[in-house]
Amino acid sequence: MRFRRVVTAAATALLGMAGLAITATSAEAAVGPRPNFQLPFPCNQVWNGDNDNSSAHRAYEIDFNRGGSAGADLGDTVVAAAAGKVVISAHQGSDNGFGNLVKIDHGGGWSTYYAHLKVRSVALNAQVAQGQKIGEVGNTSKPGNNISPHLHYEVRTNDSSWPSNIKPAYFNGVKFGYPNANVTSKNTCSGNGNPNPYDAVEVCGDGYKVIDSQALGSAATAYLLYNGTTKNNCVTTIKSTSVGTGSAVSAFLEVQGSARKTDSGSFEYYAGPVSAAAGAKCVRWGGSAGSNSYESPFEHCT
């Protein structure tokens, strides 16, 4: 079962387990699809990630450097690995060893941590796009803890307690080569930063491929996907504007000869996924975002 954040209890009641209410207790919340994380550095930069060179690491944390000397990376730009909302932007003082910390909530129970920053470039509650500068590499920590400049990076979920909630890092869809690896950033290499941390394949799941899409004005895009193994179609509507804020969005799928399936509500990131076995039958699909809507004819008769 896959989830995404909804903004009203009523919508959650109507959709059953199709959505994750923001009022749910975090310890009980089930996580949604993993956001499309990229390396937290500008396009084409190569950074070395290290997981096993710190006694403070308990799971899948990564320390990043790229310079040949201890202070070479001080002040280098750090960017958001995926779009989301800044829920911590503060110096942690004596609370822990994070020093200047930025934490970004990406929805669906996923968040990223960026620690030891020299400076923080985003404020609490700011909505940031993928690739947006959020700080600079530094060596801030708790008093008396002298460390060399590096970025401490973590991916966490809200479905378990620390440290089991620290999850393996993926960049551009590829799992980091633990314990040590060099990674080339693809963050914003294709242009402006993505304001939405999710894409259609992540929402529908492994094995699906996009076979059609329709822009819903500038507000969102509806996608039709197909899984060649299961012979299932899937539809999701991914928001482009008002990302992180609840707004009316929907997705529907109708297999010829069967009842239409629809997911609609006030969602922060996407509607769906709506899936059904199509076999050799045609499908009608579409969605809406605000006042923009699309409904296809019966097509894609596989």
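User: Hey, is the disulfide of Cys-43 and Cys-189 right-handed or left-handed?

Analyst: The torsion about that S-S bond is about 110°, so the Cys-43 and Cys-189 disulfide is right-handed. A disulfide here is a pair of cysteine sulfur atoms within 2.5 Å. Keep in mind that this is a predicted model, where local features need pLDDT of at least 70 and side-chain atom pairs count only at pLDDT 80 or more, while totals for chains, interfaces and linings use all residues. Residues are numbered from 1 along each chain as its sequence is written, and side-chain values use heavy atoms, leaving out hydrogens and water.

User: OK, and how many disulfides by that rule?

Analyst: The count comes to 3. Another one joins Cys-204 and Cys-234, with sulfur atoms 2.0 Å apart.

User: Is Cys-234 buried or exposed?

Analyst: Cys-234 is buried, at 1% relative accessibility. Buried means under 20% relative accessible area, exposed over 50%, and partly exposed in between (1.4 Å probe, protein chains only). Cys-204 is buried too, at 9%.

User: And what about Cys-301?

Analyst: Cys-301 counts as partly exposed, at 46%. Its sulfur sits 1.8 Å from that of Cys-282.

User: New topic: which residues touch the most other members of the largest nonpolar core?

Analyst: Phe-64, Tyr-114, Leu-151, Tyr-153 and Phe-171, out of 34 residues in that core. A nonpolar core is a set of buried Ala, Val, Leu, Ile, Met, Phe, Trp, Tyr and Cys residues joined through side-chain atoms within 4.5 Å.

User: What does Tyr-153 contact, leaving aside neighbours within four places in sequence?

Analyst: Its contacts (heavy atoms within 4.5 Å) include Phe-37, Pro-40, Phe-64 and Phe-171.
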